[in-house]
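Colleague: I would like to go through this model with you and ask where the words used for it come from. Please show it first.

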Amino acid sequence: MNIMLYIATFAILGIIALMLQRVVEGPTVFDRMNAIGVISADSLLLVVIFGYLDKRADMYVDIAIAYAVLGFVGSLILAKFIGGNKL
C-alpha cells in the first residue's frame with residue numbers, strides 16, 4: 001500500500017511541475033489562474049498523503065483544511081484584482 005502512495009506522490013509532483021510551466025508560459029491570465037488552482041489542490045492532496053504515511057493523518061488533515069481556506073480566499077482576492085472593481 002505504501003508503494004502505491006509513493007508512486008502517487010511522484011505522479012502528483014510531476015503534475016505540479018507541469019502546472020508550474022503553465023504558470024510561467026501560460027498564454028492568458030486565466031490559464032495561469034487555473035494552473036495555480038490545480039497546484040493548490042494537488043498540494044492539499046500531498047499534505048494528506050504525507051499525513052497518512054506519517055501515521056498522523058488527523059493533524060495533517062487539519063493543516064490541509066486551513067490551507068484550503070487560505071487558498072480559496074487568495075483566489076477570491078486575485079480574481080477581484082484581475083476583474084477590477086465591478087460588482
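Colleague: At what angle do the axes of H1 and H2 cross, and how close do they come?

Modeller: This is a predicted model, in which local features need pLDDT of at least 70 and side-chain atom pairs count only at pLDDT 80 or more, while totals for chains, interfaces and linings use all residues. Residues are numbered from 1 along each chain as its sequence is written, and side-chain values use heavy atoms, with hydrogens and water left out. The axes of H1 and H2 come within 9 Å and cross at roughly 160°. Axes are lines fitted to C-alpha atoms, for helices over the stretch in contact, and angles run from 0 to 180 degrees between N-to-C directions. Helices themselves are DSSP runs (H or I, at least four residues), numbered from the N terminus.

Colleague: What makes H1 and H2 roughly antiparallel?

Modeller: Angles over 145 degrees count as roughly antiparallel, under 35 as roughly parallel, 65 to 115 as roughly perpendicular and the rest as oblique. The crossing angle is roughly 160°, and H1 and H2 are therefore roughly antiparallel.

Colleague: Which kinds of residue make up the contact of H1 with H2?

Modeller: The residues of this contact divide into 20 nonpolar, 3 polar and 5 charged. Ala, Val, Leu, Ile, Met, Phe, Trp, Tyr, Cys and Pro count as nonpolar, Asp, Glu, Lys and Arg as charged, and the others, Gly among them, as polar.

Colleague: Why is H2 called roughly antiparallel to H3?

Modeller: The axes of H2 and H3 come within 8 Å and cross at roughly 170°. That angle makes H2 roughly antiparallel to H3. The contact of H2 with H3 has 16 nonpolar residues, 3 polar and no charged.

Colleague: Why does Thr9 count as buried?

Modeller: Buried means under 20% relative accessible area, exposed over 50%, and partly exposed in between (1.4 Å probe, protein chains only). Thr9, in helix H1, has 7% relative accessibility and therefore counts as buried. Leaving aside neighbours within four places in sequence, Thr9 is in contact (heavy atoms within 4.5 Å) with Leu46, Ile49 and Phe50.

Colleague: Which residues form the largest nonpolar core?

Modeller: The largest nonpolar core has 6 residues: Leu5, Ile12, Ile16, Ile39, Leu46 and Ile49. The elements giving two or more residues to this core are helix H1 (2–25) and H2. Such a core is a set of buried Ala, Val, Leu, Ile, Met, Phe, Trp, Tyr and Cys residues joined through side-chain atoms within 4.5 Å. Leaving aside neighbours within four places in sequence, Ile16 is in contact with Ile39, Asp42, Ser43 and Leu46. In soluble globular proteins, nonpolar side chains tend to be buried together.

Colleague: Is Phe72 buried or exposed, and how do you know?

Modeller: Phe72 lies in helix H3. The relative accessible area of Phe72 is 53%, so Phe72 is exposed. Phe72 and Ser40 are 32 residues apart in sequence and 9.3 Å apart in space, C-alpha to C-alpha.

Colleague: What makes Val61 partly exposed?

Modeller: Val61 is placed in helix H3, and its relative accessibility is 33%, so Val61 counts as partly exposed. Asp31, found in helix H2, counts as partly exposed because its value is 29%.

Colleague: What stands out about the phi of Lys55, and where is Lys55 found?

Modeller: Lys55 has a positive phi of about 60° although it is not a glycine. Lys55 is found in the loop between helix H2 (29–53) and helix H3 (57–83). With a relative accessible area of 68%, Lys55 is exposed.
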